[in-house]
Amino acid sequence: MPDKTNAPAVEGLFTMDPREPRLLGTRCRACGTYFFPAEKTFCRNPACDEADFEEVPLSRTGKVWSYTSASYKPPAPFVAKEPFEPFAIAAVELEEEGITILGQVADGIGVDALKTGMPMELVLRELYEDDEHIYFTWNWKPTSGGSDA
Amino acid sequence: MSKDVAVLGVGMHPWGKWGQSFVGYGVKAAQDALNDAGVQWKDIQLVAGGDTIRNGYPGYVAGATFAQALGWSGAKVSSSYGACATGAQAISVARAHILAGLCEVALVIGADAAPKGFFAPTGGRRPEDPDWLRFHIQGITNPTYFGLYARRRMDVYGATQQDFAQVKVKNSKHGLHNPNARYRKEVTLEDVMSSVLVADPLHLLDICATSDGAAALVLSSMDFARKHTTDPVKIAAVSTVTPVYPNSIIEMPNLATDSKAGVGLPEIGFKESIAHGAYEEAGLGPEDMSLAEVYDLSTALELDWYEQIGLCPPGDAEKLLRDGDTSIGGRVPVNPSGGLGCFGEAVPAQAIAQVCELTWQLRGQAEGRQVEGAKAGVTVNQGLFGHGSSVICTV
C-alpha cells in the first residue's frame, strides 16, 4: 500500500503550501473588486461591465470580525472525526481585499482565546482521509507574533 | 392608485411535530382562512403556494398540490420559493395580481413538515453550491452565523449572554396563550443559561427549533373587501429586496463576504434595507409602528432586528429590551406572538404566519397577548442567498 498523498478537500480554493498557504481568489482588472471563491465568468459589481479577471492569492493574515463555536457535530456533507471534537470558527477580515472569510480555528484553540480585532493567519489542517488521500482545508490561527496586522 | 390590498382572512395550523404530511397542515390553515374571510374556496381566483424543499418536487410544487387537495376549481396557480422568505414571495405574487387587476381574491398558503436537528443541504458532491461547500469544507451550520452575530454584539456593544436569554424569557411570556404556538411554557433566565452551549455564546434555548406548521391568508382588492367586511386589515407594503453590492456582512450560506475593495459601500446595509423598503412603500416610518414580528432564529438576532428595522440606533437594542419597550405593554412590542422561540421554524409558512399575527393584533383579536390600540405593524425576515422579506399592515 503506497503512502497516502495530500490533497485539498475541494480543488482550486487554496494552495497546498504547508508553510504559507494562500486562499485563491480572483480580482476584476477593471474595477478592482475581489472574489472568493474565485469568480471567473462575470463581475458582480453592478457598475462594472468587464469580465476580465486575474487569479490572485489572497492575504494570509487578517483580523477577527467575530467568532463562535461548533459544540455539536455538523451534519453531512461535513466529514467529522470520531469522536467529534468541538471547534471554534472565526470570521476574519482581510484588509487589502475588503473581504471577510470564515474558517475553523486551528489546533483546538477555543473561543476563550479569541477576541474581535485579533490578528490571525491562514494555515492548512487535515479534514478527513480515504484509502488514497489525506484531504486538507484552511483554518485560521492567532498569529504567533501578533503584530503583523 | 392605492397600493393597499385587504387581508380578508387568516388561518394557521398549530406549530409542532405532528408527523403528518405538509399538505394536510396547509389545507387546515387554508380552510380556516376561508372561513375567517367568509369566502368560498370556489370563489378564489389565484392560489399562491409557498414551497417547502423537503418533499420531492418543491412541496409537490406547492400551489397546485394545495389546489388539488382543496378540490380542483380551475383557479390560477403560483408557487414560490425564497428559503425563509418564501411566504413573502407568495404574498407578493398574490398582491401583485390583485393590484394589477388580474384577480380580485387570492389564497396564499405555506406549510412545512420539518426534520429534527440541523438543517443540511441535499446530497451529492456539489462544490459550486455555497450551501454544500460551507458544510463540507468547514462544518459551518446555520447556528454558526447566529453565533457570529451574537458574539459581535458582545464585543462591539457590550451585550451579555443574559441579554440574549432575556429575549427568550420575554417571548416565552408572549407566546404563553397563543393557541398556535408549539412551546407554551414560561422560560427563566436560568433555564436558558443552563441549557447546553450550541454555538458560543448561544445556548440551545437561544436558538429556534424546526417545526411542522402552516399559515394561510385570503387577500383581496379593497373593492372586493368592502362587499364582505368593514375596515379590513390592509397590507400597505411588501418588501422583497435583494442586497446592494457590496454586501460586506457575512451571510448564510456564504463562506465569504463581497469585497469592499474598489467599490463604495451602499448607504445602508442589506438587513437595514429590508424594512426600509417596506417603510418607503407604505409612506410610514418605524415611529408609526405599534408592534413588530421579527425573525428570531436566535435571541441575539431579535436584538439585531430592533436596530435594522429602525426601532433604535445601533447598539441600543439591549437597552430597549431591558427597559421593557419591546414587551407587551411597552412602547413597541416585538414578537407578541411568541416569535420563532415559541413556534420553531416552519420555513415556507413563517412569513405568512407573521402576517396572520399582525392581522389578529390589528383586529384586536390576539387574546392573551393583545397589543392595545395597535394601528400598524411590520414584519421582517430574510431568506438564504439574499431574499429580503418585510410586510407592513395597517388598519
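Between domain 1 and domain 2 of chain B, 34 residues of domain 1 are in contact with 35 residues of domain 2, two residues being in contact if their C-beta atoms, placed from the backbone, lie within 7 Å. The model is predicted: local features need pLDDT of at least 70, side-chain atom pairs count only at pLDDT 80 or more, and totals for chains, interfaces and linings use all residues. Residues are numbered from 1 along each chain as its sequence is written, while chains are lettered from A and ligands numbered from 1 in the order in which they are written.

On the side of domain 1 of chain B that touches domain 2 of chain B, the elements giving two or more residues are strand 1 (5-16), helix 3 (86-99), strand 4 (105-112), strand 7 (212-220) and strand 8 (233-239) of chain B. Helices (H or I, at least four residues) and strands (E, at least two) are DSSP runs, numbered from the N terminus. Helix 3 of chain B supplies the largest share of this side, 8 residues.

Domain 1 of chain B comprises 5-116 + 213-234 and domain 2 comprises 130-208 + 236-394, with bounds from an automatic or database domain assignment. Their C-alpha centres lie 24 Å apart.

Between the chains, 38 residues of chain A are in contact with 35 residues of chain B. Strand 7 of chain A gives the largest share of the chain A side, 6 residues.
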